[in-house]
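Subject: Handover of a structure, with notes

Dear colleague,

I am passing on the structure below, together with some notes on what came out of going through it. Please read the notes with the structure open beside them.

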Amino acid sequence: MKRVKWLLTKGCAGLLFFWVLSLADAVAVAPAGTQKAEVLPVISRQLGEWNPEGLGNHRAVVIAEEAAEVIWARVAWRRIDPMPEFKGIVVAFPKTGVPVENVLASTISPEYGDVFFEAKEPGEYYVYYMPYREVKRDWNPFPEYFETKQPSPLWLAKVEPIAQEVSKGDIPKNVIRAATLRLESNGKSNSFCEMEIPATVEEKESFLSGLEDRSIVFFQEPVSSPIRKGDKMPVHWVHSGPQVECRASGRPGELLFFQLGAVATKKDLICLQMGCIGLQDSQGQLIRDLLPRCYNFGGIDFQGHPLMKDVLLKKSEVLPLWFSIRIPEDTKTGTYKGELVFSADNLRHTSLPLHLVVTEKRNESEEAYANASLARVNWLNSEAGLNGNPLEKYPKITAEGDVLQVNNHSILVASNGLPAQVDDTLFASPMEFAVKLKDGDWLQWTNLPVLYSQENNWHIGWESISYAKGVVLHSFAEVEADGMIGMRFELSSKRDFVLEDVQLSFRFREESVPYFMGMGCRGGKRPDYLDWKWGKNANSFYWIGDVSLGLYCKLLDVGEKQDIYFMPEPYRDWCGDGVEGRVEVRPQSDHLSLAVHTGKMVLTAGEDRVFRLNLMLTPFGKRDLKRASQKVYAAGIEKYLDDSNMGKDADRVVVGYDEKLNPYLNYPFASEESLKEVMAKLHGAGKKAQFVIGTREIPYQINEFWPLWSLDNEIFTYGIGLKGVQKEHGFGYAQVPIPFIGNPWLCEHLGEGYSASWRTTNAEGDEIVTLGINPLSRWQNFYLETVRHLSDNLHVDGIRTDLTDRRITRRLRSLLDEVCPDGFLDTITGNNFRPENGMINPMGQYLESLPLLDSIVFADGFSYGAGPDYYLVELSGVPFGVNASFYTDELYKSLLYGVLPQMRKEDRGLENLWRFCDTFCLEESTFTGYWQSPSPLEIEDKGILASVYKKGSQVLIVIVNWGSLNWSLTLGSKDMKRLGLDPERSLIGMPKILGLQTGSKFSSIVTHTLAPGEGALFLIQEKR
């Protein structure tokens, strides 16, 4: 607020002349004839406060000195919002608050607007120039900007001739003109800063034409006034001119930030690069540690590799460049001089002198405060989590000939480099990569020996070469200790071939693969037939198998792409040269065939066709009943702190979004002090505190936003925003299902280039809007340093994250093992098996990362009314060996799959169940699921499913009626014998659990009737 007042005070004196001139025009008698329009002024800006619904957040205050049927105001608003012609005008009279009926906006341009209205009384009028109505949507409401309301035909007929004169650039005679007193924005958050007040096109072109001797010029601004990228140049740059040197000032030990705005004056500069002639002291000695770093030109990527960015600087556009210099503690005070050197493919080296002043004096200015708030930007180049190996917990990989032992699975590698068999039971015959020529012949490969290379005990790779008729197939594969197999096939030739099809074939033993998930199929029993085609989806994976052995397969794009959510187009080579790519599942006489077809393609001489996929053997782990039996509270941290009883028996408390304590999604720094108190309270009560922080979206209100935004969509997911939908749908954009438009600030200050995500509010009711993040970007480095910070400063006991890429999850696991060795790591997901998400099964969507996690939590939207096969494959984690929990009100179903339910809302019955399970010592028991052979109990009706927890002479039986009829169930001595208990020494009954079941008397036999969907707990214990 201090800076806003300072800017307004600074600008008032300079702008007074324009205001007086405008006011004089309004009250003077119009001269005979016409004259050309005046130079566009810069209008002073202030803050106001009003309800934006129907009006918007921006207005001009104009004054009509007298009442008149037609008043003309030329509002020099100098706008940066895109396509202002798609936003109407509302004129209101403040004294009455009533909108003016007769309004015409003859010109609405980014620079100014010509507005005509009827003034029935003299005085000030408000001209709202971005009016909107809010379109309600739970997770992301957005504004609908509307047209100017049609005036009466009679009034319009009088005004149109005048408007035509104005449009020609003339000032008509005998028209009352309203002067613009000021521009106002609705609160500080909506206001436009100095960097957002642009020069007109004419002003900018005139300015740049005077710089013909330079191809690139620079402007320096304080970091407290971030430069905006794009084709709008701040008007004050036109007056101040470019910098001839760059100056920065800091203290020893400080991480100093500064920014420059670069503008190409003559042409686009291609592959702009930057270097530095090192900083030297007053004696000319080079100080090697004083090295500027510019984040816009690269750094360290998410895999820890050097990142070099191709930077394009378009002619006359503004490119913000953000720099940092870490000043060592032992740096002497004084001035250090160097040069920033810029070059491009079509630009000679251009130097900008750099002067760094190092002083011992502490700076308490706003600029120093803004600089300190940017310290975390340096986390973009963090290498956190790169040195560990979280796969060391798995058995070492061994190789004997062509047989690999990987995570308790055996893989036989065939002579073509593909898996021939897994555990002696999965395949009926080896996998094949087959090529069919145009004439219908299949290539008959000749295979060279497979070559193996073992990097360490947890990784082994191999490659092979096959050839036929001048076509060469080069295969590469690598397997990691958890059973993850990455494969790449490169098909090449020395002459052109027309191929009818390329086919990757899996031939399974049908009895080994009763279950299936993926490629548009919900998890459960395997379909006999499947014909899947490529489209705009992200479900190019499947899993097929049983609880004891299965195979996951994901088809990948040629290049690096993160597509767990959206597949913008079919993958090139898997689809051949058209859209014929498909996957077929067909039963054959002696096996089940699953074939990936590419369809027709031309294999051009010297050009590789590349086919990539990932395979994973399941199960890849063993579920941990001790972890699955933890009592987890996830119903909201504020509820937990306010209610002295709710969730107090929990072992672990999940600290997630809260409008008061943690309102900034995935950005804890804004409320860190409050969160420290929360953590201290939880630890003081003996609770583990697990913090929710994800990687997919962050609020635009964060301190680091503008440096991140300057990185040309490296960090933020590109989206068409409001500008794109306006182009396509005009004023009717709100009538079509458009996602990711965002709130008014995004629409008015950014316009495009972003994808708006979740909107939340804080305790004061302020909107907190998040933007989508590119998952394979340097933001992952920032995220990992945030996790380190949470461990060091908040002492969190675990992280609940979202998942993007296995390599990032691996770094997260390594980092957490380093900073919090007993830290619990899980992820949570809603259901993405919906058309708008590409019919994606979340279990398969995240499967590659799950071996590195302790658990996965399935939240809302899943088919909790579906059958047990769905639960087994999609929700339980059983076939994959991963702990999983799911949000369901049917607590028995969780226990049926070996998981103690988490508390996600006030549920006294659940707390009583927790206490009962503590008494039983559930975490120390041995679990046997209904799917195991032999089954724990022999029940006649196949719709009645029973799982068992056994601890010594005690047995807890969980039963769910998944059938369609009532069933009277009797348990007694035969069941005790089956469970290895002595009927003479044991009693069975239903334990009483308040809020869950009433209980029964314990005896040698118990009978209970279960309605469809009902469940029950039975306890067998020794006689006393």
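Which residues of α15 are buried? They are Asp869, Tyr870, Tyr871, Leu872, Val873, Glu874 and Leu875, where buried means under 20% relative accessible area, exposed over 50% and partly exposed in between, with a 1.4 Å probe and protein chains only. Because 7 of the 8 residues of this helix (residues 868-875) are buried, α15 is largely enclosed by the rest of the structure. Just after α15, Gly877 takes a positive phi of about 80°. Helices (H or I, at least four residues) and strands (E, at least two) are DSSP runs, numbered from the N terminus.

Before going further, some notes on the model and its conventions. This is a predicted model, in which local features need pLDDT of at least 70 and side-chain atom pairs count only at pLDDT 80 or more, whereas totals for chains, interfaces and linings use all residues. Residues are numbered from 1 along each chain as its sequence is written, and side-chain values use heavy atoms, with hydrogens and water left out. The mean pLDDT of the protein (the predictor's confidence in each residue, from 0 to 100) is 91, and 95% of its residues reach 70 or more. Over residues 1-37, however, pLDDT stays under 50, and the model has 48 contacts beyond four places in sequence for them, a contact being heavy atoms within 4.5 Å. Where pLDDT is low, the predicted coordinates should not be read in detail.

Turning to the strands, β13 (residues 216-221) is mostly covered, with 6 of its 6 residues buried. In a regular strand the side chains alternate between the two faces of the sheet. Both faces of β13 are covered, with Ile216, Phe218 and Gln220 buried on one side and Val217, Phe219 and Glu221 buried on the other. Strand β13 runs antiparallel to β15 (residues 255-264), to which 6 bridges join it, and the bridge partner of Val217 in β15 is Val263; two strands pair if DSSP finds at least two bridges between them.

Elsewhere, 6 strands form an open sheet of mixed pairing, in the order β1-β12-β2-β8-β4-β5. Its edge strands, each pairing on one side only, are β1 (45-48) and β5 (98-99). Within this sheet, β2 (residues 58-64) and β8 (residues 123-128) run antiparallel and are joined by 6 bridges, with Ala60 standing opposite Val127 in β8.

A nonpolar core here is a set of buried Ala, Val, Leu, Ile, Met, Phe, Trp, Tyr and Cys residues joined through side-chain atoms within 4.5 Å. The largest one has 228 residues, of which Phe506 and Phe508 touch the most other members. Helix α12 (residues 779-794) gives the most to this core, with 7 residues. Apart from it lies another core, of 31 residues, including Ala264 and Leu313.

Leu937, in the loop between β54 (926-928) and β55 (944-951), is buried, with a relative accessible area of 5%. Leaving aside neighbours within four places in sequence, Leu937 is in contact with Ala946, Ile957, Leu971, Asp975, Arg978 and Leu979.

Finally, the structure holds 0 disulfides, a disulfide being a pair of cysteine sulfur atoms within 2.5 Å.

With best regards
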